[in-house]
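This briefing is intended to be read beside the sequence and the model. Please keep both in view while going through the points.

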Amino acid sequence: MEELRAAVVPGMVHWASPNFFAFFPATNSAAAIAGELIASAMNPVGFTWLAAPAATEVEALALDWLAQLLRLPPAFMGRHCGAGGGVILGTTSEAMVVTLVAARDAALRRAAAGRGGSGGLLPRLAAYGTDQTHSTFSKACRVVGLDPSSVRTIPAGAETQCINAHCYLKHCMQADVDSGLVPTYVCATVGTTSTNAVDPIGAIADVAREFGAWVHVDAAYAGGACICPEFRHHLDGVERVDSISMSPHKWLLTCLDCTCLWVRDTRRLTDSLLDTNPVYLVKKDAAGEPVGSTDLKDMQVGIGHRFRGLKLWMVMRTYGASKLQQHIRSDVAMAKMFEARARDDEWFEVVVPRRFALVCFRVRPRGGMTEQEADEAGRELMARVNRTGKAFLASTVVGGRLVLRFAVGSTLQEQRHVRSAWELIKKTTADILQGAGTAGIQGPIH
């Protein structure tokens, strides 16, 4: 512990700090820590139901509870509801990989049926996202063998920062069909990383259905907010998609790693991922009778499976729907407070409408300041604030301009932390714009 305090802690970026406003939150709670500790102490290897029956059932139960909070259609629930179900994976990247594998194989089978074989078809499979889709999408496409030249980046709308499904997406998919490609997978996002934009799920699903493409919804961060009725409309149309994932470790007080993936038909995953049935993993009970439950190893890339379901189950049992909703609403209220101050201040502008608990703002070019100089001032502002150790910000680019991201949501954040960060931002900006030693920024704003 002495070495930990001396050598490790000083070199950490403390995501749990209430002064952390960068990226997206990585929330935690006593219940999640307890669940992680107990699961680690039990240390089950939950690759099959027989190897860890309670772990498998707790995971399925926790997934169904969360699906109910999100008001997902019953088709996505696994316990006695039909062919659907889910699995808890480590990250969104894994959720994209396994659903891409299922979509790839389905497209290959479909295309092969029309031409008498699948030889040479893999390079012709096309996948679609926007320029706001997380970079893990293109990485997952490479992992599953799709040709990078067939991974399409649909330009997001300048105002909405999301897909125009009936215009750009449909046109792009039709053009690909005309050139001999096979539309295979569309990634829609609820809460993009840069600006928290929300793609129109229903419209995307309608277009994708015309071409037989799999639709996956990445709701890693903002999906957590959809347990609140006032945000649930962002998932409208989800009943027409093939899969959806969200990460309770981002906003629902459940520590890393915990990404929930639900699919409408688990067989579409297991048909592609079930190729590991050696004799020592045959699904039979003590009496030698077959066990019919889906094994978690058959819904993921690897074989071993951690008992992640315990911490999610403990979080929901400990806090309940009302306290989790209260946590979300408190964060959104603090983000609204910050947004109001940025809008009312002559030195700043809010770049896109605030969604959820992320505010995207920048230094406003005034008094002869050029756009480039405003970008430079914003870059210097972020660097100076982060160097103080009193707050931590991140940035993105919107419309070619540098934008600062202020993400509320760390577990212990209170209004006083947001107010303190705002005062630090204001003071630092004043120092920069009034010529306190920043080259390239000419004089005060008038």
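The model is predicted, so local features are taken at pLDDT of at least 70 and side-chain atom pairs only at pLDDT 80 or more, while totals for chains, interfaces and linings use all residues. Numbering starts from 1 along each chain as its sequence is written, and side-chain values use heavy atoms, with hydrogens and water left out.

**Overall fold**

- The chain has 12 helices and 11 strands; these are DSSP runs numbered from the N terminus, with helices (H or I) of at least four residues and strands (E) of at least two.
- Of the 446 residues, 54% are buried, where buried is under 20% relative accessible area, exposed is over 50% and partly exposed is in between (1.4 Å probe, protein chains only).
- Among contacts with a separation of 6 or more, 73% link residues 24 or more positions apart; a contact means heavy atoms within 4.5 Å.
- The accessible surface of the chain is about 19000 Å², and 55% of this area belongs to carbon and sulfur atoms; the areas come from the Shrake-Rupley method with a 1.4 Å probe, and for residues only the protein chains shown count as cover.

**Nonpolar cores**

- A nonpolar core is a set of buried Ala, Val, Leu, Ile, Met, Phe, Trp, Tyr and Cys residues joined through side-chain atoms within 4.5 Å.
- The largest such core has 97 residues, and those with the most contacts inside it are Leu-66, Leu-70, Trp-262, Phe-406 and Ile-425.
- Helix α10 (residues 309-344) gives the most to this core, contributing 11 residues.
- At least three residues of this core come from each of domain 1 (2-22 + 320-440) and domain 2 (44-306), with domain bounds from an automatic or database domain assignment.
- A second, separate core has 33 residues, including Leu-100, Ala-111, Ala-112 and Val-182.
- Residues up to four places away in sequence aside, Leu-70 touches Gly-223, Cys-226, Ile-227, Arg-232, Leu-235, Met-246 and Trp-262.

**Aromatic groups and charges over rings**

- The structure contains 15 aromatic pairs; rings of Phe, Tyr and Trp (its six-membered ring) pair if their centres lie within 6.5 Å, and planes under 30 degrees apart count as stacked, over 60 as edge-to-face and the rest as tilted.
- One of these pairs is Phe-348 with Phe-361, an edge-to-face arrangement at 5.7 Å centre to centre and 70 degrees between the planes.
- Because Phe-348 lies in strand β8 (residues 348-350) and Phe-361 in strand β9 (residues 358-363), this pair ties together parts that are 13 residues apart in sequence.
- Phe-348 is buried at 0% relative accessibility, and Phe-361 is likewise buried at 0%.
- One aromatic cluster is formed by Phe-21, Phe-338, Phe-348, Phe-361, Phe-406 and Trp-422.
- The charged end of Arg-405 sits over the ring of Phe-24, 5.0 Å from its centre; the criterion is NZ of Lys or CZ of Arg within 6 Å of the ring centre and within 35 degrees of the ring normal.
- Lys-426 lies over the face of Trp-347, at 5.0 Å from the ring centre.

**Backbone**

- Most residues other than glycine have a negative phi, and most peptide bonds are trans.
- A cis peptide bond joins Leu-256 and Asp-257, with omega at about -5 degrees.
- Asp-257 belongs to the loop between α8 (248-251) and β7 (259-263).
- Leu-253 is in the loop between α8 and β7; this residue has a positive phi of about 65 degrees although it is not a glycine, and it is buried at 8% relative accessible area.
- Asn-43, in the loop between α2 (30-42) and α3 (53-69), has a positive phi near 55 degrees and is exposed at 58% relative accessibility.

- Thr-27 is placed in the loop between α1 (2-8) and α2 and is buried, with a relative accessible area of 1%.
- Thr-27 and His-249 are 222 residues apart in sequence, yet their C-alpha atoms are 5.8 Å apart.
- Beyond residues up to four places away in sequence, Thr-27 touches a set of residues including Pro-248, His-249, Leu-253, His-327, Gly-409 and Thr-411.
- Leu-269, in helix α9 (residues 266-273), is buried at 0% relative accessibility.
- Setting aside neighbours within four places in sequence, Leu-269 is in contact with Val-98, Thr-99, Ala-102, Leu-261, Val-263, Asp-298 and Met-299.
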